[in-house]
Amino acid sequence: MTDTAAAPTSSGPINIDKVVIRFAGDSGDGMQLTGDRFTSVSAGFGNDLSTMPDFPAEIRAPAGTLAGVSAFQVHISDHDITTPGDAPDVLVAMNPAALRAELAIVRPSGTVILNSDTFDERNLKKAGYVEDPRHDGTLAGHTVYEVPMSSLTVESVKDLGVKPRDADRSKNFFALGLISWMYTRPVEPTVAWITKRFASRPQVANANLAAFRAGHAFGETAELFDHPYEVKPAHLPSGTYTNITGNTALAWGLVAAGQQAGLPIFLGSYPITPASDILHELSKHKRFGIRTFQAEDEIAGIGAAIGAAFGGHLGVTTTSGPGLSLKAEALGLAVSLELPLLLVDIQRGGPSTGLPTKTEAADLMQAIYGRHGEAPLPVLAARSPADCFDAAIEAVRIAVTYRTPVILLSDGYLANGAEPWRLPDVATLPTIEPDFATGTNHVDEDGNETFQPYKRDPETLARPWAVPGTPGLMHRVGGIEKADGTGNISYDPRNHEKMVHLRADKVAGIARDYPATEVEGDEDAAVLVLGWGSTWGSIGAAVKQLRADGHKVARCHLTHLFPLPHDLGDVLRRFERVLVPEMNLGQLSRLVRAEYLVDATSISKVQGLPFTGGEIEAHILDALRALGPSDGAQEALARTEARLATTPAPPAGVTLAVAGADAEDA
Amino acid sequence: MTDTASPATTRKDWASDQEVRWCPGCGDYSILTAVQLLMPDLGVRPEQTVFVSGIGCSSRFPYYMNTYGMHSIHGRAPAIATGLAVARPDLDVWVVTGDGDGLSIGGNHLIHALRRNVDITILLFNNQIYGLTKGQFSPTSEVGKVTKSTPFGSLDHPFNPLSLALGAEASFVARTHDLDRQHLQETLRRAHEHRGAAFVEIYQNCNVFNDGAFDTITSKQNRGANLIPLVHGQPIRFGDEGERGVVMDDQGRAAIVDVADVGEGALLVHDEERPDPSLAFALSRLAPGPTAPTPVGVFRAVERAEYAEQVSAQLAAAQTDAGPGELSQLLTSGGTWEV
């Protein structure tokens, strides 16, 4: 199952360093729940992990069809990992459709566990199989276990008075029990969870417990499996950990940012996949004074957030691609009003409805440029599920400090994927200063003290934030061009040009706050991999693997996409080749080419799926080969080729533990 | 909202220093004057008052009020005002919109603001034309209207703004016009007093692109015969001598009769507080347009839970039940383990 399997002891499990398991079944089979439980137990056990739910857009596509297949991939390891794994080592397929949909990505010689009860003529036909794949060579090379999960589940609950049709619904817990045995997961946490979760429906709780225990016992007693495996806890930095998805981390980041700024949060949002979970999460936290407003449409969502921002709240709106388009006009208003506002875009496959449950990162250009007129605003992107927390705080800091709308980009992969997160010490989180205007800020020609709503801070160019209720600071804002300083309507051509420049300069100045751009890996490498967003994990896995083979490779990952860091051009020009993997047709690569005249190469993937580490590795290898021989390169290449020859699907889940380097040094 | 300890204000306190730039003779001037004169009477403070508007001639209104204000984007004022009013229930939030802004591009936000019953006062200046874009038909223009965009006559069936507001279950619905300051102010005073979303349609003359659209009913000489004042608890009657009245026919329709024919006892007695909106709806359908006898005044004023107050109550209840949120508790709420 892995490269480093130790010899079995007489009775105990075999230690392996990592495993990638993919649970797949019908939408109604509860595979997301099964995967989620396996993940939680593994997290509690101390493994490092990374997950990727992969579900269809249809809530319940016809049972047994390919369209209805829902999958959950989890990668657990005894060391630091950053991706859910390239190729599953184990596929659990609850029906023929799940097997047909998922088999292609299972690693050669991987393990396939089938619910054999479902492999009847009807289900095979629904899945599009002409022959039974169990007998026609389809599964050649794989280790296949056929387990009659449905009938064993029904058998296990027969004394509980559960109707056979309902009994079958517990089969996902049978599968969970079996896999829990195979990978030596503790049983108690799942038992406790089932008991609590189904407390109000004791019969369901009992059926699920019985099925779970039956699955576990089956693994132990059936002479199908030689021995279980175990993935030991990972050696992670010490601290308190929780398992977290990107959307939850982002919601918690907003809660934290509100607290650090001393601002009540107002979320105006319209339900849209895959962003809705942020609305769901924040709507629970009324104790923090958070107001969540489910608006009548996307435009009202941002409109209400702008209204709340005018009132001195932290206005936030959350959406996905189509919603970003709908909010574009209101974003322009927010640019003109110069009010703090955060728009969170959980990107998904586009255009239009596109692939609503699948990931993509093709909204970058729209985020940066997708407004009429000269309407610059800062754009940031989170890089991992846990990083969504920090990215949210940084986005709010910029919005509040500079009185500007900010777009924070995440994507479906980060949103639903999970990883262990070492909790920060809340006392060390950055403080955000709203600095509301409390009095006049100007003396007019007649010596009267007045308030100028567009008189700027000389350093940040931010305007005062004077909220209704403050005596003496009454003022009007609007979308019509404003006179510099007074904010009154102005059609003066020179004033418009000045205001356009002032707004642009203000946003450009945000880059002054950034830390120096970090380059990880080999400072003297010829190849730099430049990334943004959720490609972080896969790029890291690829770079780590190639460096382990002896190649020299560097990587740089951007959080701030607009304005770009001041030192980025210098960083990029230090490398002979710059590769830019993106889940779009080359949006960042086009930007850096335009901005820095750097011959960046786009690596593109738009399949609704994240890059695997192996895919990125292959592109880096191509670049390394093209550069020709240099010191040690031939040996490294030989090592890589030897490795790839023995593991056709490059193993993922390798960590990026390259030393951080100061970009200024090179 | 009324701070009795606040010093009294005068009209001067409510007028901004900006030059008013509507066309000379526009009905908007009289509405602005009526509002600026009314505000001191309401006992409210300029710094506690916010006017939010969209786009259109009427939407320039906030610039001329010495309050907090936002001239936003086309049609979105009710959504923006909703966010502001929910975030800041201590403020007095007004929305100024028009028939194009509020009923066409912003129709969705208007009906949803009304159904939620958030505490905002919405003034819809209805001039039955697009003025700022120079004279296209609007969603309240009559069928057959010849405009720049409909040289052969408009085919669009118009909205009845009051029927629409009542259909959205607005808790306060009224109509007034720009030529009667007293009626206008009294109607706005009632709208402002109302707790929840208040919707006021104001017939407003656009003397450039749709001059005289309401003359048949609002001009001094026609008013007596063609405006039907609605007074809560009173039989509905009108005419210079009060000789005409309104009855409910056996189909549930409001109909105009001669009082002499039916007797005063048969007249419909106006009840703005009736919980079901059918009476108000019937009255909103009485006139096919502002060219026949038309009711003005408060059609409906009922108590319904106000939205922002309920939002605040949920927050307060959560904090009372479990105490204010603790970030460190939140971060560990999903289960943790130590390394």
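**Figure 1. The open sheet of chain A in the predicted model.** Six strands of chain A, in the order β3-β4-β2-β5-β6-β7, form an open sheet with mixed pairing. Two strands pair if DSSP finds at least two bridges between them; strands (E, at least two residues) and helices (H or I, at least four) are DSSP runs, numbered from the N terminus. Because β3 (48–54) and β7 (143–147) of chain A stand at the edges with a single partner strand each, one side of each has no neighbour in the sheet. From one strand to the next, the twist averages 15°. This is a predicted model, in which local features need pLDDT of at least 70 and side-chain atom pairs count only at pLDDT 80 or more, while totals for chains, interfaces and linings use all residues. Residues are numbered from 1 along each chain as its sequence is written, chains are lettered from A and ligands numbered from 1 in the order in which they are written, and side-chain values use heavy atoms, leaving out hydrogens and water.

Figure 2. Over four bridges, β2 (residues 18–26) of chain A pairs with β5 (residues 90–93) of chain A in the parallel sense. A:V90 in β5(A) is the bridge partner of A:I21. Helix α1 (residues 31–45) of chain A packs on the sheet, where it touches β2, β3 and β4 (69–77) of chain A; contact means heavy atoms within 4.5 Å. The direction of α1 makes about 10° with that of β4(A). Helix α6 (residues 171–182) of chain A also packs on the sheet, and its direction makes about 150° with that of β6(A). Angles run from 0 to 180 degrees between N-to-C directions, and axes are lines fitted to C-alpha atoms, for helices over the stretch in contact.

**Figure 3. The interface of chains A and B.** In this view, 67 residues of chain A contact 59 residues of chain B. The area buried between the two chains is about 5,200 Å², with 63% from carbon and sulfur atoms; buried area is the accessible area (1.4 Å probe) that two parts lose on being put together, summed over both.

**Figure 4. Helix α11 of chain A against helix α3 of chain B.** The axes of α11 (residues 298–310) of chain A and α3 (residues 77–87) of chain B come within 6 Å and cross at roughly 45°. The two helices are therefore oblique, the class left when angles under 35 degrees count as roughly parallel, over 145 as roughly antiparallel and 65 to 115 as roughly perpendicular. Among the contact residues are A:G303 and A:G307 of α11(A) and B:G83 of α3(B).
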